Amino acid sequence: MRRYSRILLLLVLPVCAVCFPFFSWTESPGAQSPEDVGSTAEQIPCPEHRPLPPIDPVEGLSWLDHVSNLSAPCFAKVNFGWDGISDADAPRLVRMIEAGVQTLVLYQNQLGDEAASQLALALPESNVHEIDLSHNQVGDKGAEAIANALATAPLLRTVRLNANDRIGDAGVTAFTHAIVDFDVALQELWIASPRSGKEAKDALREAWHGSGRDPGLLHL
């Protein structure tokens with residue numbers, strides 16, 4: 001029995017090291033400092049897409065409650081695509097932005113205007129370079145919130161809102177105003193939706209081209 005226990009311990013320990021390098025540190029005799037742990041974390045492979053623990057209707061993304069110091073190499077890009085995330089999880093996703101995530105991928109979930117609006121409030125002065133909300137349930141209100149955040153989000157260069165079929169002319173027009181009225185960092189925009197009309201799309205395309213941006217990086 002003792003031999004089997006040792007084998008099980010050897011199998012479990014490497015898994016724990018990979019899964020939880022970013023959890024909070026506690027002071028204990030002989031414990032590694034945050035700097036030492038950060039160096040160790042850099043040596044651990046950090047896959048772009050790490051499936052979340054099972055998400056239940058009550059707990060949602062409760063595992064984020066344990067995060068106090070994120071490892072930059074592991075959290076430069078985080079992919080939560082296809083994870084069944086809804087508006088109820090938005091506050092914890094906001095914490096990812098506040099922690100310094102640079103690329104936040106949230107495609108193919110059930111995120112709507114409420115989540116988009118909460119995320120937009122966290123974008124100003126954040127480190128976010130790219131946010132992907134494609135294939136969700138975002139409408140005009142959420143798109144407008146993201147567009148309005150661009151004026152105070154100097155690092156945000158890519159926004160993906162394509163395949164949110166509730167986005168109409170108002171959402172598209174909000175991005176036109178952001179480009180015309182402010183010196184925004186945005187360089188790539190995906191906002192194709194069957195509800196947006198030709199006039200709104202043409203106005204955005206004209207503003208985009210007129211600002212000197214790459215026409216190939218605007219997807220309508």
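Predicted model: local features only at pLDDT ≥ 70, side-chain atom pairs only at ≥ 80, totals over all residues.
Two strands count as paired if DSSP finds at least two bridges between them.

Select residues 77–79 and 103–105. To find one of the bridges, pick V78: its partner in β2 is L104.

Now show every strand. The sheet is open and has 6 strands, in the order β1-β2-β3-β4-β5-β6, with parallel pairing.

**The whole chain**

Colour by secondary structure. The chain has 8 helices and 6 strands, and along the sequence they follow the pattern α-α-α-β-α-β-α-β-α-β-α-β-α-β. Of the 220 residues, 42% are buried. Among contacts with a separation of 6 or more, 82% join residues 24 or more positions apart.

**Helices α5 and α6**

Select residues 113–122 and 140–149. These are α5 and α6, whose axes lie 8 Å apart at an angle of about 10°. The two helices are therefore roughly parallel to each other, since angles under 35 degrees count as such.

Show side chains at the contact. From α5 come D113, A116, S117 and A120; from α6 come D140, K141, G142, A145, I146 and A149. The residues of this contact divide into 5 nonpolar, 2 polar and 3 charged.

Stay on α6 and select G142, A143, A145, I146, A147 and A149, which are buried. The buried residues of this helix pack against α5, β4 (158–160) and α7.

**The nonpolar core**

Next, select L119, L133, V159, L161, F175 and L189. In the largest nonpolar core, which has 47 residues, these touch the most other members. The helices α4 (90–98), α5, α6, α7 (169–181) and α8 (198–210) each supply at least two residues of this core.

Centre on L189. Which residues is L189 in contact with, leaving aside its neighbours within four places in sequence? They are V159, F175, L204, W208, L217, L218 and H219.

Most residues other than glycine have a negative phi.

Go to W82, in the loop between β1 and α4. Phi of W82 is near 60°, a positive value in a residue other than glycine. Is W82 buried or exposed? W82 counts as exposed, because its relative accessibility is 61% and the cut-off for exposed is over 50%.

Then move to H135, in the loop between β3 (130–132) and α6. H135 also is not a glycine, and its phi is positive, at about 55°. The relative accessible area of H135 is 35%, so this residue is partly exposed.

**The end of the chain**

Finish at L220, in the segment after β6. L220 has 22% relative accessibility and therefore counts as partly exposed, the limit for buried being under 20%.

Leaving aside neighbours within four places in sequence, L220 is in contact with I191, A192, K201, L204 and R205. L204 is also on the contact list of L189.

Conventions: Residues numbered from 1 in each chain as written. Heavy atoms only, no water. Axes fitted to C-alpha atoms, helices over the stretch in contact; angles between N-to-C directions. Helix = DSSP H or I, 4+ residues; strand = E, 2+ residues; numbered from the N terminus. Parallel < 35°, antiparallel > 145°, perpendicular 65-115°, else oblique. Contact = heavy atoms within 4.5 Å. Nonpolar A, V, L, I, M, F, W, Y, C, P; charged D, E, K, R; others polar. Core = buried A, V, L, I, M, F, W, Y, C linked by side-chain atoms within 4.5 Å. Buried < 20%, exposed > 50% of the residue type's maximum accessible area, 1.4 Å probe, protein only.
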